[in-house]
Amino acid sequence: MPTLEEVKSRISHIDEVDTSLCRWAIKALPDILYEDEILEDLVQGWYEHERGILCATNKRLIFLDKGIFRLKVKDFPYDRIDSIQYQTGILEGKITIFAAGDKAEIDQVFKEKARDFAKSVRARITANLGKPASNRDIDTISALERLAKLKESGMLTDEELQAEKAKIIAR
């Protein structure tokens, strides 16, 4: 897991990020990133009425909102993203992510950042097309299928299922 100093160093190389507006989320980011995950880009915006950061890493997109008493994390692995779109207005933009039947809209993004962020993510998605699934991906799918069977047989409650799924996906 990267340290806070490493995360801040990566952010310092990203244009147009006002860290004072999202310092709580940035402080939480090292605990969210995987051991070998590298922060590549970041935008600030609003998702589901919460202000936070949308991070592009070498593995996934992560929306992170950290308040005093709450932490909200939504991630989008690149292999699950169907498309990413952006819109720009006079001052602000909006990024829309379509992933595995889900739609996420991040509003009030700086206009220039919305365009550049979406283009870089689109390039990564395109580069990942056609790559074979890794052993890790296959193992994850198998483990999730086993959990579903345990749930169907009544051996797991909904809460247990969700907890186990979170552990598997976080690996």
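Colleague: Among contacts in the protein with a separation of 6 or more, what percentage comes from residues 24 or more positions apart?
Modeller: Such residues account for 44% of those contacts. Please keep in mind that this is a predicted model.

Colleague: Understood. How many helices and strands does the protein have?
Modeller: There are 5 helices and 7 strands. Read from the N terminus, the order of the elements is α-α-β-β-β-β-β-β-β-α-α-α.

Colleague: And what share of the residues is buried?
Modeller: Of the 171 residues in the protein, 35% are buried. The accessible surface comes to about 10,400 Å², and carbon and sulfur atoms hold 53% of that area.

Colleague: Let us turn to the strands. How do S1 and S2 pair?
Modeller: S1 and S2 are antiparallel, with 8 bridges between them.

Colleague: How many residues of S2 are buried?
Modeller: S2 is mostly covered, with 6 of its 8 residues buried.

Colleague: What about S2 and S3, how many bridges join them?
Modeller: S2, residues 50-57, is joined to S3 by 4 bridges, and the two strands run antiparallel. Leu54 has Phe63 of S3 as its bridge partner, and Ile53 has Leu64 of S3. S2 and S3 also form a hairpin, in which 2 residues lie between the strands.

Colleague: Is S3 mostly covered or mostly open?
Modeller: S3, residues 60-66, is mostly covered, as 6 of its 7 residues are buried.

Colleague: Changing topic: which residues touch the most other members in the largest nonpolar core?
Modeller: They are Leu54, Leu61, Ile95 and Ile97, in a core of 21 residues. Two or more residues of this core come from each of S1, S2, S3, S5, S6, S7 and H3. H3 gives the most, with 5 residues.

Colleague: What else does the model hold in the way of a second, separate core?
Modeller: The second, separate core has 12 residues, including Ala25, Leu33, Leu39 and Leu64. As general background, nonpolar side chains tend to be buried together in soluble globular proteins.

Colleague: Back to Ile95. Which residues is Ile95 in contact with, leaving aside neighbours within four places in sequence?
Modeller: The contacts of Ile95 are Val43, Leu54, Ile84, Gln85, Tyr86, Ala104, Glu105, Ile106, Val109, Ala114 and Phe117. Of these, Leu54 was named with Ile95 among the residues that touch the most other members of the largest core.

Colleague: And Ile97, what does that residue stand opposite?
Modeller: Ile97 stands opposite Ala104 in S7. S6 and S7 run antiparallel and are joined by 7 bridges. Their hairpin has 2 residues between the strands, and Ala100 takes a positive phi near 45° there.

Colleague: One last topic. Where is the place of Tyr34?
Modeller: Tyr34 lies in the loop between helix H2, residues 23-32, and strand S1, residues 39-47.

Colleague: Why does Tyr34 count as buried?
Modeller: Tyr34 counts as buried because its relative accessibility is 17%, and the cut-off for buried is under 20%.

Colleague: What sits over the ring of Tyr34?
Modeller: The charged end of Arg60 is placed over that ring, 4.0 Å from its centre.

Colleague: How far apart are Tyr34 and Thr57 in space?
Modeller: The C-alpha to C-alpha distance between Tyr34 and Thr57 is 9.9 Å, while in sequence they are 23 residues apart.

Technical notes
Residues are numbered from 1 along each chain as its sequence is written. This is a predicted model: local features need pLDDT of at least 70, side-chain atom pairs count only at pLDDT 80 or more; totals for chains, interfaces and linings use all residues. Side-chain values use heavy atoms; hydrogens and water are left out. Buried means under 20% relative accessible area, exposed over 50%, partly exposed in between (1.4 Å probe, protein chains only). Two strands pair if DSSP finds at least two bridges between them. A charge sits over a ring if NZ of Lys or CZ of Arg is within 6 Å of the ring centre and within 35 degrees of the ring normal. Contact means heavy atoms within 4.5 Å. Accessible areas come from the Shrake-Rupley method with a 1.4 Å probe; for residues, only the protein chains shown count as cover. A nonpolar core is a set of buried Ala, Val, Leu, Ile, Met, Phe, Trp, Tyr and Cys residues joined through side-chain atoms within 4.5 Å.
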